[in-house]
Amino acid sequence: MKQTLALALLDAGHSVFLTGPAGSGKTYVLNEFVRNARADGKSVAVTASTGLAATHLGGSTIHSWSGIGIADELHKRTASDMSKTRQDKIINADILVIDEISMLHDFRLDMVDQICREVRGDSAPFGGLQVVMSGDFYQLPPVNRVDSKEGGFVVHSSAWEELDPIVCYLEEQHRQDDDSLSDILTALRDNDIRRRHAEALLTRKKVRTPFDEPVTELYTTNADVDSINNSRLAAMEGDVHEYEMTTTGSAGRVEGLKKSCLAPELLRLKKGAFVMFVKNSLDKKYVNGTLGTVVDFDEETDLPIVKTLDGRKIVVDRDSWEMRDGDKKVAGLVQLPLRLAWAITVHKSQGMTLDAAHVDLSKAFVPGMGYVALSRVRSLDTLTLGGLNRVALMMHEEAYEIDRMMRKKSKKDAEKHAHLEKDYEQKRKKKKIASKNNSSASWQEKIEKMREEHPNAYKPWSEADDKKLTKLFGRGLGVKELSSQFGRHTGSIRARLKKLLGDDVFDSEA
């Protein structure tokens, strides 16, 4: 199915399962839909099965949003004992998004369904919410722990069966540009790995990538990753530059957000350190997974200057991560969007596109781990191999049958709803024209008028501005005084303080 038809189905209000191979654009479609839905005034609850995936989307875990927590079953009074705030978020939502659905147990999806029905007072699946699930059953499966209830893939849940979501199986490839690597990944998904595939991978042992700089190494255990990064940095000459994470929100939620954020609490860098960006930049200068080397530090701000593998130099400023509960920010982190990149775990690489990677799969212990690691890069030429075991070339046995069913259903659903694609494209075209007509002609006039009173309106904030703003605010200056000092509207001052210090910065005001 094409991305435009998937967006059309989502826009039409259908509950959908969005799937497809790594690099097929699932995250793009999800983000585009959420942005459009919110622009249309809908309340979208963005969640994921893991904290790491939730952080990528700027949402919360499905366990937190629904109130089920880590419980294995619901009690009779689970819904009625919920706080009114939690119930209101579930009642007021129009759309529920659950990303990385492959890692959610079937019984937990049933629990979320039951909670939504009870809280919303609606017997329809998920209390009448439009539900959008996204993921790939070939990637990491749900983990069954010794001390908890065993479960399987969500397709076996009663909630899935009753919801009967339309399947949008995306098949266009937007990451791999190499037929050899695509052939290997396809063979893994088709359960058709041959000797030639293994031999093609083994040719990547003891070779170099086309880059002069080092490349990220992917390992299956945290111990290997930490050991490599720490030893590489310690072996380098030069001064250490340290950047400490700042946080807002309750201790528990901040701790949960920290575990889900790839940026470290204390980032230690030296000139020459190999680093990875761990977030997409709004101005598209880098993406989650872009690699580079620290070539210098800014004299005034001490911010690192990173040269990417394609030769661009970027002064890296701090960015923020949020945990949201519906539309409210409940925890926030501010840190440089970087981490040392000599090594990273396969698990934490999920969702990334890497310029190049050295992959050691000699200790792979979960089916699908090899597929996740190999699908991070664009071609075999940008991949080197440290080791390979049998598990690395295995996929979860049940995933093959599920994938076959999903492809078949997606084809039928695409034929049935093909007419929606044209309607969707016309609707978006009209909105774009209307938006352009309403804003472009008068926008400059509005800015010029605003700058008569606030000369710095809509001008970028500098690092020095931010430091001065927080310092003066800490000394007790009010928003009106700060507005006068900075030549900006009071709303801009408030918004900037919330970004820097958290949404609750003004909660104590009378």
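The model is predicted: local features need pLDDT of at least 70, side-chain atom pairs count only at pLDDT 80 or more, and totals for chains, interfaces and linings use all residues. Residues are numbered from 1 along each chain as its sequence is written, and side-chain values use heavy atoms, with hydrogens and water left out.

**Confidence**
- The protein chain has a mean pLDDT (the predictor's confidence in each residue, from 0 to 100) of 87, and 94% of its residues reach 70 or more.
- Confidence is lowest in helix 3 (residues 51-57), with a mean of 64, and highest in strand 6 (residues 166-169), at 98.
- Helices (H or I, at least four residues) and strands (E, at least two) are DSSP runs, numbered from the N terminus.

**Nonpolar cores**
- A nonpolar core is a set of buried Ala, Val, Leu, Ile, Met, Phe, Trp, Tyr and Cys residues joined through side-chain atoms within 4.5 Å; buried means under 20% relative accessible area (1.4 Å probe, protein chains only).
- The largest nonpolar core has 108 residues, of which W65, L96, L109, F126, M133 and L269 touch the most other members.
- Helix 6 (residues 106-120) supplies the largest share of this core, 7 residues.
- A second, separate core holds 25 residues, including L10, V29, I166 and Y424.

- An open sheet of 5 strands runs in the order 14-13-12-11-17, with antiparallel pairing; two strands pair if DSSP finds at least two bridges between them.
- Strand 14 (313-315) and strand 17 (338-340) are the edge strands, each pairing on one side only.
- Strand 11 (residues 274-277) pairs with strand 17 in the antiparallel sense over 3 bridges, and V275 stands opposite L340 in strand 17.

Notes
Buried < 20%, exposed > 50% of the residue type's maximum accessible area, 1.4 Å probe, protein only.
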